[in-house]
Every structure is written in structure tokens, then in C-alpha cells.
Amino acid sequence: MTSPYLIRFSSPVGRIELQADADALTSLTIESDGALPHDDLPEHTSPLLEAARLQLEEYFDGGRTSFDVPVRLDGTPFQRAVWGELQRLGWGEATSYGALAAAVGKPGSARAIGGAVGANPVPIIVGCHRVLASDGRITGYSAGDGIPTKLWLLGHEQIGFAA
């Protein structure tokens, strides 16, 4: 089911599709293989979506390091706990799957953490690109074109990682 409001715009990591309801941003999707999930639907903007677009454009231009648009993160209690921890990370900060597991009281559950990170409905704004393996390696990224998208975002925020 899609939210009632929808816009698309170009970014350095590909076209982005934003969805929102009357109160909050509900989805951010980065195009994959040149397509977005709702390319067949007409755009229907709102002040909230325009604010989100502006904040993302400022982020990509290097002038914004945090977001203040309201987001609705619908998921399981475990997913919401993981996403809450991601929201605590600031621009240029990284964490590991293991550190996230410990922060949500589930040490040893790094694989489950990876699943929750990958299910984040609002990447970039909720910085799932900031999660690395415990040794600093990039292990994957589910948004956009995957690891190349994550590499761009990490480089943009000057977050170091292991090769």
C-alpha cells in the first residue's frame, strides 16, 4: 500500500522516491537498476514532502548534516529499536552491527540486526549507511545500487572504512 503523497527527484545516488502521509515521511527509496517502485503512479506532493526534498538536496550539496522532517517507521518492535539507535547516529558517525545488537539488548544477534538495518524504510534520513562490520568493512547495503550507493554516502560524510 502506498501513502497518499509521492514525489521523485534526482540525486547524486540516483533518483529518489519519497512517500508520506499527512503527518510523516513513510518511505524513501533510491532507484535500483533505473527504476523506482511507483514509477507508474503520478506525483502528489505535500508541504512535508517538499521539506524532505529540500533537506535531502541540502544534505547532498553538503550544507545539511541532520534532518528534522517527521518520519514514521512502521516495523516490528525489534526493528523499531534498531532504527531508533540508527537515529541517534550523527553525520559522519559510524557503528557496527555488534554495537547495535548490544545497544538494543540483544548481544550476539548481529545477523538479525543486519536484517533490521536492511529493512529501514527511510534510508539516508535514518542513517543505515553508517553501519559497518566490527572490523570496519562494508558488508552490504540494500538501498539503491547497493555497495556503490553506500560508498558514495560514506565518502560524502567522510566516514572511513576498511578495504
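A salt bridge, as counted here, is a side-chain nitrogen of Lys or Arg within 4 Å of a carboxyl oxygen of Asp or Glu. By this rule the count comes to eleven salt bridges.

Good morning, colleagues. The structure is a predicted model, in which local features need pLDDT of at least 70 and side-chain atom pairs count only at pLDDT 80 or more, while totals for chains, interfaces and linings use all residues. Residues are numbered from 1 along each chain as its sequence is written, and side-chain values use heavy atoms, with hydrogens and water left out.

I begin with individual pairs. R8 and E43 form a salt bridge through their side chains, at 3.7 Å from N to O. Because R8 lies in strand β1 (residues 5-9) and E43 in the loop between β3 and α1, this pair ties together parts that are 35 residues apart in sequence. Helices (H or I, at least four residues) and strands (E, at least two) are DSSP runs, numbered from the N terminus. R8 is buried, at a relative accessible area of 14%, whereas E43 is partly exposed, at 44%. In these terms, buried means under 20% relative accessible area, exposed over 50%, and partly exposed in between (1.4 Å probe, protein chains only).

A second salt bridge joins the side chains of R15 and E31, at 3.4 Å from N to O. R15 is in the loop between β1 and β2 (16-20), and E31 is in the loop between β3 and α1, 16 residues apart. R15 counts as partly exposed at 24% relative accessibility; E31 counts as buried at 17%. These two pairs belong to a network of salt bridges that links R8, R15, E17, E31, D39 and E43.

A further salt bridge connects E157 with R130, whose closest N and O atoms are 2.8 Å apart. E157 lies in the segment after α5 (147-156) and R130 in the loop between α4 (110-118) and β5 (131-132), so parts 27 residues apart in sequence are tied together. Both residues, E157 and R130, are buried.

What, then, of the interface between domain 1 and domain 2: how many salt bridges does the rule find across it? The rule finds zero there. The domain assignment, automatic or from a database, gives domain 1 (5-61) and domain 2 (77-157). Their C-alpha centres lie 21 Å apart. Contact, meaning heavy atoms within 4.5 Å, involves 14 residues of domain 1 and 15 residues of domain 2.

Thank you for your attention.
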